[in-house]
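Let's walk through how the pieces of this fold sit against each other. Have a look at the model first, and then read on.

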Amino acid sequence: MTLLKVENLKVEFATVNGSVKALDGISFTVDKGEVVGIVGESGSGKTTLGLAILKILPPNGRIVSGKIVFDGRNLVELSEEDMTKVRGKEISMIFQDPMTSLNPTMRIVDHIAEALIVHYGLSKEDARSRAIEALTAVGIPENRALDYPHQLSGGMRQRVMIAISYALKPKLLIADEPTTALDVIVQDQILDLLKELRNRQKTSILFITHDLSVVADIADKVVIMYAGKIMEIGSVEQIYYSTLHPYTQGLLKSIPKIGSNSDLYTIPGNPPDMLNPPPGCRFHPRCPFAEEKCRKENPPLVEVSEGHYVACWRCVK
């Protein structure tokens, strides 16, 4: 059953040099209890997508058009007051750097307790008790509950963010590169916690990352983004073993292979200037298979097999 349906979403940022089309016609779905990986290079629009869903774009950003239908409601049409009730309780977000999300003057237990008081109306005593339970559940001992954020490691701060979601039991968790700054051991622990959150509370997860190898460990479905557009959507098996889009193929080839002595592959060229994106397929300046049609016409996102979508003229009959 579909929990989140994004339809033809367009987001722009106003700058002194013009309008940046950060998202240009994004459409995909997230089912209840499903983990969807959003993958792409820096600047592809992944984080903007997460912020747009929660309607917390920077002041110069705006949703131009499209729908964000969450649990039967179009979030684009909700008032700020109504969105405040959705944020945290129904949709939570883990940011890449938890220090920007945690109040340095508050003890970690109070971050969780405050959210419980606001969304569930608990007493301070009950909220603190529930907060300690949540911290314990994600591996933070009770004797660290009164610590401040600066007293914790990066991995433990991410655990605090997961504990907030654990306590609030949101239907959807948006995880924006939650493992990027962590070593591989802590990264694996954080992924295990997210899997446990999904399995125990049936939480849907939108997992944003640039690392396809991480996605393989946690996601059910993968959305490949490039320059504000979706290039390919498919199950993990389809994306890894039946890859269709040249951009996805390039991302997979760039994953380091254990025991390989060859040079690390890189996709030639650079992402486009989003103030003036190229006509046609946005990947065509870097694509080894680009033809004249690719340079002039933007390919539609079409379903080539069950659940497998691609935006590439090579695959459109």
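## The sheet

Eight strands make up an open sheet of mixed pairing, ordered 6-7-8-3-9-10-12-11. Strands here are DSSP runs (E, at least two residues) and helices likewise (H or I, at least four), numbered from the N terminus; two strands pair if DSSP finds at least two bridges between them. The edges belong to strand 6 (91–94) and strand 11 (302–305), each with a single partner strand, so one side of each has no neighbour in the sheet. On average, neighbouring strands are turned by 20 degrees against each other, direction ignored.

Strand 10 (residues 229–235) pairs with strand 12 (residues 308–310) in the antiparallel sense over two bridges, and I233 stands opposite Y309 in strand 12.

## How the model was read

This is a predicted model: local features need pLDDT of at least 70 and side-chain atom pairs pLDDT 80 or more, while totals for chains, interfaces and linings use all residues. Residues are numbered from 1 along each chain as its sequence is written, and side-chain values use heavy atoms, with hydrogens and water left out.

## A helix pair

Axes are lines fitted to C-alpha atoms, for helices over the stretch in contact, with angles from 0 to 180 degrees between N-to-C directions.
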